[in-house]
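Here's a quick briefing to keep open beside the viewer. Have a look at the structure first, then work through the points topic by topic.

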Amino acid sequence: MKSTLLYLIFILLAGQAVGQQRIITGTVTDVSDGSTLPGVSVLVKGTTRGTNTDINGLYSLPINETDKILVFSFIGKKAQEIPIGKSGVMNVSLESANVSLDEVVVVGYGSIKKSDLTGSVSSIKTEDLRKIPINSFDQGIQGKSSGVQVTQLSAQPGGALSLRIRGGNSIMAGNEPLYVIDGVLIESQVDLSWIGSPSQNGLGSLNPNDIESIEILKDASATSIYGARGANGVVLITTKKGKAGKDKVSFETYFGIQHKAGKIEVMNASQFAKLYDEAGYAADSAYIPAYPNPDSLGSGTDWQKEIYRDSPIQSYQLSISGSNEKTTYALTGGLFRQEGIIVGSDFTRYSFRLNLERKINAKLTAGTNLSFTQTRSNTVPTDTPGGFFPGVVNTALIFNPALPVKDANEIYTLTDPNADAWLDNPVAVTRDIKAIDKVNRILGNTFLEYYILKDLKFRSSFGIDYYHSLQDMYTPRYIYSGSFNDGQARFASTDIENYLTENTLNYAKTLNKKHSINALLGFTYQKNNSRTFIDIATKFPNDILGYYGIENGTNQPTIYSSFNESAVVSYLGRINYSYLNRYLFTLTGRVDGSSVFGANNRYATFPSAAFAWRVSEEDFLKSSKVISNLKLRVSYGISGNDRIMNYAFIRTIASSIYYFNNSVPASGFAPDNPGNDNLKWETTRQLDLGADLGFFNDRISLTADYYQKYTYDLLYYANLPWSTGYNSYLKNIGELRNRGIEFALNTANTVNSFKWTTSANISFNRNKIMNLNGSDLFINNDTYKLKIGNWAVIREGESMGSFYGLRSDGIWQTSEAAEAAKYGCQPGDFKYVDQNKDYKINAEDCSIIGHALPKFTWGLTNNFSYGPFSLDVFIQGSQGNQILNSNRFELESGNGLSNASIKLLDRWTVDNPSNLYPRANRNADYLSMSDRYLEDGSYVRIKTITLSYDLPKRLMDRMHMERVRVYVTGQNLFTFTNYSGFDPEVGSFGMDNTRLGYDFGSYPSVKTFIAGASINF
């Protein structure tokens, strides 16, 4: 009975609700020609109820009496909000929006409408940076722009990245782009480590949440305005300003958990013990087993498990902003903390920013953009090739699993006594070696703008970048690397002061609605002072005070200090001219004088020219319903690279010690650098041919570019005869070319209540050494003393990152014993191709065996939204590059002196004639560079997936909030690759452009899951 009564009440209420509805119908047309528009979204404002116009532009939509406004929207048209009247018919005409073409793009020393661009410039959407767990903005632009390759050099919290714009241009000068933050030019972005850990990312001091826009200047027309520092491209960063309207308060936060993305499987204790004894017996038939009962050892110590952990990541940002007719302001404060997946590593940043602008009168405006950040990094020595002790990532792979972390007396196992390398106990390193990097940074500028005339503006600004770093480290006496000298403490202090003053005149005028002129003249002066002091002390009585007691070290063998000063003076100019808004011309020039070059080449001029034709504005195409935008571009220009050490052109002396008659050493000075008065910039000449296309009111847009960059006067050290007193000197010796094509595609796939947009980009770059004066440059390092081969070679006709070594030919088999003996080998040993058939395997059999540069890189983003829900999926990848997995030198050596890959369970034996893995042999010769250690580095990665939800507006009104968005994000969720290391995203040895694609125990990447919220009041 009750259910029947409830059913009747429901029917009555439903009938009443239906009775309150009515139908609105109408037609939507294009205001320009009256044609009907199919697919227009018609929504009741504040709800998800709506419909789309049909093929004839007609719509029909039921509404309630409480509905007040209909929203009409369509790609390429201005959205309209129209109140619902009493009439049941609402006809609407939509105007063209040309939103993308009217966007203002920041360029060097100014801004310009996107439609008026003549150069190649990429703009990055910054709203996505706030929903992904990153500690610096450059992590967030990976895969988002064509022609731009971002590589994580170390995944350690705060670790450095490498960014290449259209390939690397130099052998030894810098290859990183110039960064311009609110008008302040920033060049050196890597915080060099003096405490044995990977370099930190200098851009980590910039809070990504503070960024309003990112523009990447790629061709010479866009970069030549920065002259001697523009050859590697320019990244322009503009931070957030207040916006007109009421004051706005916002709070953004997220919290998440990080997991190690993968694991390299190695042997357990019993497996290793069998390998150890088998290798010993193979080398000596009288060998006495060290592990007579290996099965009793069980699994032993999993050193990877001991040093890795799941770790939290969190971010908090509070901002207040606003603007009125006189004042614009934005005030932000932020806290970011990331604990590393390796015990003992973390990164914390405190940031504060004030952007303030005041209109003093109708002609004069003053303002400032000022930030203060403090970062603190606890680091662990990970990927540190060239040191005496491998980093903890590599050590955890090869440390003897039969050894315990601590003995029965709770004392750390000191080292692996049988290893063929000096190894620290990795657990002791991560927990007890203290290495801290603290940075305080002030970055900002103040400016005045004055309108001399209505169309003539003068701007004067003064910028500062003050950087102060303190690095402290202490290695206790009970850790192997500290036991040699009774503990070691290090202290390093670095101060960098960078001052910049700029004065520009800008003239903008439109004549007769046909001619548009925008001209710029400027003078700039930049000075850089830096000082570094390093103290290393040993012989400590105890470990109680750590690095705080550095003065207690009775032996202080190393005190180092350096002072550097440099300056650049510049004169610049640019003119943009447009005729009929169709024919666009840009002429740019800059003269730079730099103190880092010789007296004969201190000044240089960097010109460029560009032309663009907006074909879609011509009468024969203007009325097209298919092509909404077509612009053809061509540019050519010259830019430079001055990123070399100071004083390289000067003849210098350095301190030296000499022993007279084997007596007491005498201190003095000796010639150190021969100098070079003809030293000059590396110069890059670049041609760019581009096209910007839009179809169906820019529902589909495509940008395509072909470029060729030719770099002259490459800087490198040339050999000198020892009779000169020197072995080399720096000079301009070679030429290098990059050329490629790049595409960026944006589509609006569905435009109704369910929206789906796609952004995709792909880049192809070919790098080639064109001239090296006929010589080869062989690249080595001290990680392993290779017996045969080199890590890389720089050779005419080849690309940078060319690996040089032997060709492997499997494993010698029993049937080949006689042939193997001719090479001094036995069945089960590595087999190499004898290129010259002389029955010797040596340097003459080496050749180029692989390349580290990818054939192409790409990124794909899909954004889906329906009502308050949105889903963003970003995938990126790299194809065709090779990686030197140098971890495998020891993991697959078979010598048994250190732990091995689990794959060596399939090692060669008489009964298991493997052709992949060698026999166990204590005397195995594994230190020959060969293609067996090169792997395909191609990968496809589902980089981020974000699901977000906007809370209902009615709820927000009740809570006196403007908007609340909650979201969950997964990062580095899946990686599809054939690479056997932790991560195929491998960069270079530090920032060295000669050793690319090099993996030696790099800090593993992380898989991250976060939940966050954005709250606006």
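A residue counts as buried when its relative accessible area is under 20%, and as exposed when that value is over 50%. Keep in mind that this is a predicted model.

**Aromatic rings and charges**

- Tyr547 and Tyr548 form a tilted aromatic pair, with 4.7 Å from centre to centre and 45° between the planes.
- That pair belongs to a count of 30 aromatic pairs.
- Phe272, Tyr276 and Tyr291 come together as one aromatic cluster.
- Two rings have a charge to look at: the charged end of Arg941 sits over the ring of Tyr939, 5.1 Å from its centre, and Lys1007 lies over the face of Phe974, 5.8 Å from the ring centre.

**Helix H5**

- Helix H5 covers residues 269-283, and its 15 residues should span 21 Å at 1.5 Å a residue; the end C-alpha atoms are 21 Å apart, so the two agree.
- Which residues of H5 are buried? They are Ala269, Ser270, Phe272, Ala273, Leu275, Tyr276, Asp277, Ala279 and Gly280.
- Two names on that list, Phe272 and Tyr276, also turn up in the aromatic cluster with Tyr291.
- As background, an α-helix has 3.6 residues a turn, so residues three or four places apart point the same way.

- Strand E26 (residues 488-511) pairs with strand E27 (residues 515-538) in the antiparallel sense, over 24 bridges.
- Within that pairing, Asn498 stands opposite Asn528 in E27.
- E26 and E27 make a hairpin with 3 residues between them, and Asn512 in the turn has a positive phi of about 55°.
- How many bridges join E27 to strand E28 (residues 555-579)? There are 23, and the two strands run antiparallel.
- Leu520 has Arg574 in E28 as its bridge partner.

- E40 (residues 802-805) is joined to E43 by 4 bridges, running antiparallel, and Ser802 stands opposite His851 in E43.

**Nonpolar cores**

- The largest nonpolar core has 37 residues, and Ile171, Ile794, Leu884, Phe889 and Met929 touch the most other members.
- At least two residues of this core come from each of strand E35 (700-719), strand E36 (728-751), E38, strand E39 (790-794), E40, strand E42 (830-832) and E43.
- Which strand gives the most to this core? E39 does, with 4 residues.
- Another core lies apart from it and has 31 residues, among them Ile264, Tyr308, Ala428 and Met473.
- In general, nonpolar side chains in soluble globular proteins tend to be buried together.

**Tyr917**

- Tyr917 sits in the loop between helix H12 (888-891) and strand E47 (934-936).
- Is Tyr917 buried or exposed? Tyr917 is buried, because its relative accessible area is 13%, which is under the 20% cut-off.
- Tyr917 and Ile741 are 176 residues apart along the chain, and their C-alpha atoms are separated by 41 Å.

Key: Residues are numbered from 1 along each chain as its sequence is written. This is a predicted model: local features need pLDDT of at least 70, side-chain atom pairs count only at pLDDT 80 or more; totals for chains, interfaces and linings use all residues. Side-chain values use heavy atoms; hydrogens and water are left out. Two strands pair if DSSP finds at least two bridges between them. A nonpolar core is a set of buried Ala, Val, Leu, Ile, Met, Phe, Trp, Tyr and Cys residues joined through side-chain atoms within 4.5 Å. Buried means under 20% relative accessible area, exposed over 50%, partly exposed in between (1.4 Å probe, protein chains only). Rings of Phe, Tyr and Trp (its six-membered ring) pair if their centres lie within 6.5 Å; planes under 30 degrees apart count as stacked, over 60 as edge-to-face and the rest as tilted. A charge sits over a ring if NZ of Lys or CZ of Arg is within 6 Å of the ring centre and within 35 degrees of the ring normal. The expected span of a helix is 1.5 Å times one less than its number of residues.
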